[in-house]
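Subject: A structure for you to look at

Hi there,

Here is the structure I promised to pass on to you. Please open it next to this email and follow along as you read.

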Amino acid sequence: MEKPLRMVVLSVSAGAGHLRAAQALCAAAAQMPGIEAVHVDVMDLVSKGFRNFYSRGYMGLVEKAPEVWSYLYQHTDAAPKSLFNRFRRQLERLNTQKLKKEMAHLAPDVIVCTHFLPAELLSRRLRKGKPTPPVWVHVTDFDVHGFWLHPHMQGYFVASEEVAARLEGRGMGREHIHVTGIAIMPQFSQALSREAAALELGLSPDKRTLLMMSGGFGVGGIESLVEHVAKTMEEVQILALAGRNEALLGKLQEIATRHPGRVFPQGFTRSIERMMAAADVAVTKPGGLTTSECLAMQLPMLVVSPIPGQEERNADFLLETGCASKAVDAASLLFKLKALFQTPERLAHMRRQQKAVAKPHAAKDIVETIVKATLKPL
């Protein structure tokens with residue numbers, strides 16, 4: 001029996017999207033013969049202090065001081081050799097030494113990075129001529145920041161033709177850029193019955209259903225929006241998703257007691273596709289993975305509270321392609337929700353636009369491209 005191709009997928013748990021993209025790639029690889037995929041979260045290989053600084057520090061910054069993150073996002077993109085970037089790289093080098101040992105232990109034939117940190121570290125190894133398997137990069141937003149751009153990468157997988165054009169504008173050869181979409185789990189490509197999904201979740205299939213999501217780490221005041229909608233739109237039932245945020249789940253459960261049979265709090269789930277199938281509209285932050293999942297499910301979106309930088313760019317893509325609307329505050333949210341529900345033809349148009357731009361098989365396409373390139377005879 002031939003030795004399977006070993007693909008190591010490297011992610012970083014700074015937000016949920018990078019992890020979910022890595023998991024989607026591994027799930028796609030598992031459905032193909034002759035491939036062994038291993039997922040490694042680089043944050044599992046660093047000290048607790050650095051992990052808290054890198055992951056929790058990022059989430060704290062975008063939630064508590066978004067204007068600071070906005071400045072850093074723009075400044076570091078425009079000035080890759082800035083003092084901040086030099087300090088960041090040195091700090092990363094000092095705290096990621098275990099990654100080298102882990103790669104030696106796993107002995108991959110090919111590496112895929114769903115976060116820029118491992119791509120940067122491996123690019124340095126390649127520059128120094130150290131033995132390193134081919135490294136691919138999967139950008140997980142409808143945007144690309146300078147953090148992602150590194151020499152010696154085998155190729156880049158991006159969400160849209162515009163992102164590909166922007167990479168070309170930064171000097172990357174088009175032959176190294178693959179427009180695949182963002183990797184999502186295979187179940188988002190399946191046709192699901194709205195009625196069956198609603199009954200499974202304890203919902204009325206005949207009522208308008210709103211799926212309100214806060215993102216994987218519960219950034220933003222989604223609980224106040226749920227309360228606001230529940231008070232003023234009595235004809236709507238609400239699936240309110242807290243992700244892994246236990247404190248937020250508790251707040252949503254309190255709201256549910258005030259609106260019995262209309263607010264349905266949900267914690268972390270591995271079947272979000274069933275909630276999307278049961279819903280008519282999703283109120284969500286425009287993360288790259290969440291929006292790609294909604295596009296695949298043809299679930300119209302009303303986006304709220306985008307993180308400055310990458311999520312703002314994601315929102316721009318959704319609005320420009322007619323796949324979403326945007327609310328800037330609670331009053332705007334109610335106004336636009338009512339408008340959407342009162343004009344079913346607009347919701348139908350959004351679904352058609354989503355179908356046109358969705359790439360539900362991105363994970364499979366990425367893995368197939370990597371396998372073909374890796375096994376290509378010299």
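By the rule used here, the count comes to 13 salt bridges, where a salt bridge is a side-chain nitrogen of Lys or Arg within 4 Å of a carboxyl oxygen of Asp or Glu. Side chains of opposite charge can pair when their charged atoms come close. Before you go further, please note that this is a predicted model, in which local features need pLDDT of at least 70, side-chain atom pairs count only at pLDDT 80 or more, and totals for chains, interfaces and linings use all residues. Residues are numbered from 1 along each chain as its sequence is written, and side-chain values use heavy atoms, with hydrogens and water left out.

Let's start with E36. Its salt-bridge partner is R6, and the closest N and O atoms of the two are 2.8 Å apart. E36 belongs to strand β2 (residues 35-41) and R6 to strand β1 (residues 5-11), so this pair ties together parts that are 30 residues apart in sequence. Helices (H or I, at least four residues) and strands (E, at least two) are DSSP runs, numbered from the N terminus. E36 counts as partly exposed because its relative accessibility is 32%; buried means under 20% relative accessible area, exposed over 50%, and partly exposed in between (1.4 Å probe, protein chains only).

Next, find E293, which forms a salt bridge with R20; here the closest N and O atoms are 2.7 Å apart. This pair links distant parts of the chain, with E293 in helix α12 (residues 288-297) and R20 in helix α1 (residues 17-30), 273 residues apart. E293 is buried, at a relative accessible area of 6%, while R20 is partly exposed at 23% relative accessibility.

Now turn to R166 and D143, a salt bridge whose closest N and O atoms are 2.5 Å apart. R166 sits in helix α7 and D143 in the loop between β4 (135-138) and β5, which puts them 23 residues apart. With 25% relative accessibility, R166 counts as partly exposed, whereas D143 is buried at 2%. Together with R313, these two residues are linked in a network of salt bridges.

One last stop: where is S160 found? Look in the loop between β5 (155-158) and α7 (161-169). S160 counts as buried because its relative accessibility is 8%. Leaving aside residues up to four places away in sequence, S160 touches V179 and F317, where contact means heavy atoms within 4.5 Å.

Enjoy exploring!

Best wishes
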